[in-house]
Amino acid sequence: MKDRTFFAPMRLAEILALAWLAALGSVGCSREKSASERVFPEPRYPAYLKLPRNVEEIMPYARAAVRQTAGRTPLGLVEQGKTVALFAGERGLVEPNPLVLEALVEAYKEVGVKPLVVLPEPQEGAVRLGPGYTSEDGYMEVGNWVRTNFVDAEEPKTWLRLQTPGLYEKMFPSPPRQSRRVPVDPNRLKHLREHPNFIFWGGTLKEYLDRHGEKIDAVFAGYGGRPSTRKHLGEHGHKFYSNFVLDDYREVMSKIPSYPGDLWRLVEERILEPLAWADRVHITDPEGTDISFDLTEQQARDWFDSAYLPGHLLLHPGQGSMQLRSPFFPKMTRWIEPFSPHANGVIAGTRSHTGVYPRIEVTIERGKVKEVKGGGDYGDAWRAFLRWSRLAELRYPYHEKVGPGYLHLFECSLGTNPKYFARYDEALLGRFSTEREVAGVIHWGFGVDDWGFDRPGEEGTYDRFLKKSNAPRAHGFHIHNLFITYKVRIRGTHRWITLVEKGRIAAFSNPEVRLLASRYGNPDELLRAEWIPNIPGINAPGDYQKDYARYPWSHITKITKQIDDGTYPYLHP
């Protein structure tokens, strides 16, 4: 692998120097804010996205993409002379996205990498997009969790049907929902089948690698779940570099791929540096989140050693435990037993990876979900499974320090690229996860996850437990916070360092970061957010409860229509 960044914990003198910079405003320190300083940034949305007409128009963006060495899809990590397989999703066959894939192939050839694009086999000349619902049905976050995380999904389905029969019928209607059928251009399909760098495959990623893996050096696949994908690929796991989200023109023909990789990593380093010295964390958000936890010295060291997942920093201690070194965990040097600080407080919000819902408020006591208020159908689903004694009694392998049960606070992950933006078009397909990539956005996750590896020498322990107990294998409940303020206190001092303030990463004001950014252009432009959310009563006109929190979908569809017809007042070039 090339162009990697490995960083070590700072010396105490260095962390105090960082705190001094905080006092000067380059990182941020704790003090009472004036009324004007408490104002949240005005909404923004990029207006420059255009439909490409040919491969040539895409090539400048594709060249940047295959040179990118940071983030969720670091195509530039593949070395010259190697063969890379890009596993595209169904959307890769929807116009104009095949042009994007062809451009990536040509860009890879220019740098001496042998590319192969693996496409899903269309059924009757069409692909199916989405699960058959929109992001209005945010409660389907729990439905997806039920469907995909149990060896026997009928057991949790039965519990849900007994607890909330009406909600069960909405989640699992009969007949089942149907995905949207989108025809594939037959001429395009013929062209791709004849193209030497494209192949169609109707099986799974692992099945393909079982049959053809000896010819492939690097793999990019999927839109999320990097650690679990690597784990489940077994003997092929070392070839899995990361996700492949660049099968859509909106991702490629944006400023995302060209955001400098060294700058991206430097910002992530500056965010993570204080973690090794933290003894307390406090997190707030204007939608109502207010939560804190304390850390022992050992927990802080383990957290620092396991928090670096590129583009998706793990800001809840213990979240990166049970991992092994990989292209997306380059700093891991040892297997860390799961642990969790005893967080206390409230996490509140209106959005998840699947969609939106009326404001939900989740009370956390000693790291576990204690109570759930609001949330509409989404909240009802939470409450149904919070009552399920089966989940509360589970004892997962290696989780002695975490304690029994399933509904623990597991995840607090931070997006780090200021050029990402929310994909409202995806909301029509029941997906709302792209905003988690945006710099300063945090998404919370609840549950226990098998995305890590068994203790060395005890391989198979976790899988045997899941099969025997029918326990959920992964976390599956999410809440997004868009204007987070995240502070850590340095051990043995009264100094608080602000990592994120009102949704803006404080390191963007760091002198070293701005100096590096100046090599590529105007630092203000390069570090400026392409997208800032629009939340009435917080950073946009209106009443938070009446105009947004009671029924967020109405506000989302209004914004989407305005963006589509060019009337959104916060569009920028």
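In this predicted model, the side chains of Arg390 and Glu155 form a salt bridge with an N to O separation of 2.8 Å, the term denoting a side-chain nitrogen of Lys or Arg within 4 Å of a carboxyl oxygen of Asp or Glu. Because Arg390 belongs to helix H14 (residues 389-392) and Glu155 to helix H5 (residues 154-163), the pair ties together parts that are 235 residues apart in sequence; helices here are DSSP runs of H or I with at least four residues, strands are runs of E with at least two, and both are numbered from the N terminus. Arg390, at 24% relative accessibility, counts as partly exposed, and Glu155 counts as partly exposed at 28%, where buried means under 20% relative accessible area, exposed over 50%, and partly exposed in between (1.4 Å probe, protein chains only).

Residues are numbered from 1 along each chain as its sequence is written. As the model is predicted, local features need pLDDT of at least 70 and side-chain atom pairs count only at pLDDT 80 or more, while totals for chains, interfaces and linings use all residues, and side-chain values use heavy atoms, with hydrogens and water left out.

A salt bridge also joins Arg351 and Glu435, at 2.9 Å from N to O. Arg351 lies in strand S12 (residues 344-351) and Glu435 in the loop between helix H15 (424-427) and strand S16 (442-446), so this contact ties together parts 84 residues apart in sequence. Both Arg351 and Glu435 are buried.

The structure holds 41 salt bridges. Among them is the pair Arg188 and Glu102, whose closest N and O atoms are 3.9 Å apart.
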